[in-house]
Amino acid sequence: MSFDLNAYLEELRPLINLDCGTLTVEGIEKVADMMATKYEEMGGWHIKRVDCGKAGSGLEIRNKPENDMIDLMLIGHMDTVFPVGTAAARPMSVDEQRAYGPGVSDMKSGLLNVVYALRSLDKAVLDKMSICVCMNPDEEIGSLHSETWLKSVAKDARTVLVAEAARADGSLVKARKGMARYKMTFKGKAAHAGNEPQNGRSAISEMAHWILAINAMTNFESGTTLNVGVVNGGAGANIVPEHAEAIVDVRFWDNDEYADVDQKIRTLTETPFIEGVSVELDRQAYKPSMVPSEKTESLMAMVEETGRELGMDITWQAVGGGSDANLTAVLGVPTLDGLGPIGAGFHSDEEYLVLESIAPRIELLKCVITKLAG
C-alpha cells in the first residue's frame, strides 16, 4: 500500500482540531467516535466501549474477542493536557517538515499510525494473531480511571506495544521512571500573631519541616527524586496559619526504593513535628517504573533487527516521564514504548510531528507485528 501523506494529514486534522483535554468528556467522546468508525470501516474488528467514569469512554477493539489470550496489545491515549479553547487558538498547521497542534505527537498521530499499520497488514498475519487495541481517555492524569481496565486486559497479553511518539532523535523507549504524586494537607490552629501567638499552631511551620524531610529523601544516585512543587497556606501575615497544603512529585527507577519512601512519608504523618498540628496524606497518582526484563530485551532485539531490514537505526532511551507502558510492564508483560512517529515539544505550544517519520514508523510497526505473528 503506497503512503499518501496528504491523505494522512487530512485524517489527522479533525483529531487535532477539537478540545479533548483529560476530563473534557465531550471532546474525548468525539475522538472515540472517530477512532471507532475507522475500525468499523476496516471490517473484522469487534469494538467495545468501556466506561471510565468521569473521564469518559475507553475503546477496546479486538479482531478475535473469543480468544482468552492476546498475542499483541496496542495502547494509545485519546486525551491531551490542553484546556478548552486551545484547538481554536492553535489548530493544526503544517510546513515542509513538521505538523503542529495540540496532541499532534502526544498522541493523535500514534493512534492514527496504529490504524494505518493494521489497515495495510497482510490478512494472513491478522488471521494468525489475536490483537487488542486499547485507547483510554485519561493517560495525562495517570490513567486514574482506566488503570484497572488496562491491567485486566494486559494480564492476558503476550506482548504490549505503546504507540506514544518516538523521541526527537528517533529513539524508542525501553524504560520509564515510575511516578507518584501526593497532596499533603496541614491543619493547625489560628491565633492573633501579635496578641497571643503562643496559642496558635502554625500549619506553615509544620509544612516547612516536611519540606526539609522530603528533600532529604531524594537519592540522585539511584534516581529517586522528590520535589515539593506547589505550596500554599495562611490567611494573613498577622494570623498564625491554621491551614497549609503541599503537592509533592516523586520519580523513581526502583519500585522497592519507592515503596520505602512511601512508607516513610506515611509514618511521618503519625508523628507531626509540631504538637497540635495534624497531617492528611492523599496519593493522587501512581505509576510503577518500567524497567526492561529479559523477555523485553529479546523483544528489543527483534525490533532492532526489523529496523536494520528497513534501513533504520533503532536506538533506545530511558526517560523520566511515565506512560501506560509502566502499568503493563509491572505485570511482567514484555512492553515497549515510543512506537509512534517522531515528535517533541510535548505538553507545550511548540509540540510538533516530523512528517518524514510517519511512513517509516508505520512500516516498522507493521513489520514488528508480522514478526510477532511468525
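## Glu139 and its surroundings

Glu139 touches His77, Asp79, Glu164, Lys287, Gly322, Ser323 and Asp324, leaving out residues up to four places away in sequence; contact here means heavy atoms within 4.5 Å. The side chains of Glu139 and His77 are joined by a polar contact of 3.4 Å. A polar contact is a pair of N or O atoms within 3.5 Å; within protein, one must be able to donate a hydrogen and the other to accept it, and residues adjacent in sequence count only if both atoms are side-chain atoms. Glu139 counts as buried because its relative accessibility is 6% (buried is under 20% relative accessible area, exposed over 50%, partly exposed in between, with a 1.4 Å probe and protein chains only). Its position is the loop between strand E6 (131-136) and helix H6 (147-154); helices (H or I, at least four residues) and strands (E, at least two) are DSSP runs, numbered from the N terminus.

## Basis of the model

This is a predicted model, in which local features need pLDDT of at least 70 and side-chain atom pairs count only at pLDDT 80 or more, while totals for chains, interfaces and linings use all residues. Residues are numbered from 1 along each chain as its sequence is written, and side-chain values use heavy atoms, with hydrogens and water left out.

## Annotated active site

An unreviewed UniProt entry lists Asp79 and Glu139 under "active site"; such annotations may be inferred rather than shown by experiment. The two are spread over 61 residues of sequence, yet they cluster in space, with a largest C-alpha distance of 6.9 Å.

Asp79 lies in the loop between strand E3 (72-77) and helix H3 (86-89). With 0% relative accessibility, Asp79 counts as buried. Beyond four places in sequence, its contacts include Cys20, Gly21, Asp106, Lys108 and Glu139. The side chains of Asp79 and Thr22 form a polar contact of 2.7 Å.

## Nonpolar cores

The largest nonpolar core has 58 residues, of which Leu118 and Ile131 touch the most other members. Such a core is a set of buried Ala, Val, Leu, Ile, Met, Phe, Trp, Tyr and Cys residues joined through side-chain atoms within 4.5 Å. Helix H4 (residues 104-119) supplies the largest share of this core, nine residues. Another core, of 22 residues, lies apart from it, and among them are Phe186, Phe252, Ile265 and Leu268.
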